[in-house]
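Subject: Structure handover and notes

Dear colleague,

I am handing over the structure below, and I would be grateful if you could read it alongside the notes that come after it.

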Amino acid sequence: MSKKNGEYCLRTIYVIKRGGRAMPIVTVQMLEGRTDKQKQALIEEVTSAVTKTTGAKETAVTVVIEEMSKSNYGVAGKRLID
């Protein structure tokens with residue numbers, strides 16, 4: 001999951017073993033401005049994709065959203081707000 005215009009990207013998937021169980025942790029970096037409803041839908045869809053592709057239980061999947069300000073994000077030497 002990535003978008004070339006810098007709106008969001010799936011940064012990484014880690015699998016951490018805790019108590020002998022694999023726990024996928026997905027971090028999504030995206031520009032701020034989404035509603036809570038959109039973020040909830042994103043978490044649901046990412047969780048579904050991870051459970052379908054890895055076989056992990058839904059209760060073991062963690063999704064972290066990191067929101068970035070356009071003033072803290074740059075492409076080709078320019079901030080997105082410039």
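This is a predicted model: local features need pLDDT of at least 70, side-chain atom pairs count only at pLDDT 80 or more; totals for chains, interfaces and linings use all residues.

Residues are numbered from 1 along each chain as its sequence is written, and side-chain values use heavy atoms, with hydrogens and water left out.

Helix H1 covers residues 36-54, 19 residues in all, and its first and last C-alpha atoms are 27 Å apart, close to the 27 Å expected at 1.5 Å a residue (the expected span being 1.5 Å times one less than the number of residues; helices, H or I with at least four residues, and strands, E with at least two, are DSSP runs numbered from the N terminus). Its buried residues are Lys-39, Leu-42, Val-46, Thr-47, Val-50 and Thr-51, and because they cover an arc of only 155° around the axis, they lie on the same side of H1 (the arc is that of the directions from the helix axis to the C-beta atoms). The face turned away from that buried side carries the exposed residues Lys-37, Glu-45 and Lys-52; here buried means under 20% relative accessible area, exposed over 50%, and partly exposed in between, with a 1.4 Å probe and protein chains only. Just after H1, Gly-55 takes a positive phi of about 80°.

Lys-39 counts as buried because its relative accessibility is 17%. Leaving aside neighbours within four places in sequence, Lys-39 is in contact (heavy atoms within 4.5 Å) with Met-30, Arg-34, Ile-65 and Glu-67.

The whole structure holds three salt bridges (a side-chain nitrogen of Lys or Arg within 4 Å of a carboxyl oxygen of Asp or Glu). One of them joins the side chains of Lys-39 and Asp-36 at 3.7 Å, N to O; as these two are three residues apart in helix H1, about one helical turn separates them, and Asp-36 counts as exposed at 62% relative accessibility. Lys-39 also forms a salt bridge with Glu-67, with the closest N and O atoms 3.4 Å apart, and this pair links distant parts of the chain, since Lys-39 is in helix H1 and Glu-67 in strand E3 (residues 62-68), 28 residues apart. A further salt bridge, of 3.0 Å from N to O, is between the side chains of Asp-82 and Arg-79. Shared partners join Asp-36, Lys-39 and Glu-67 into one network of salt bridges.
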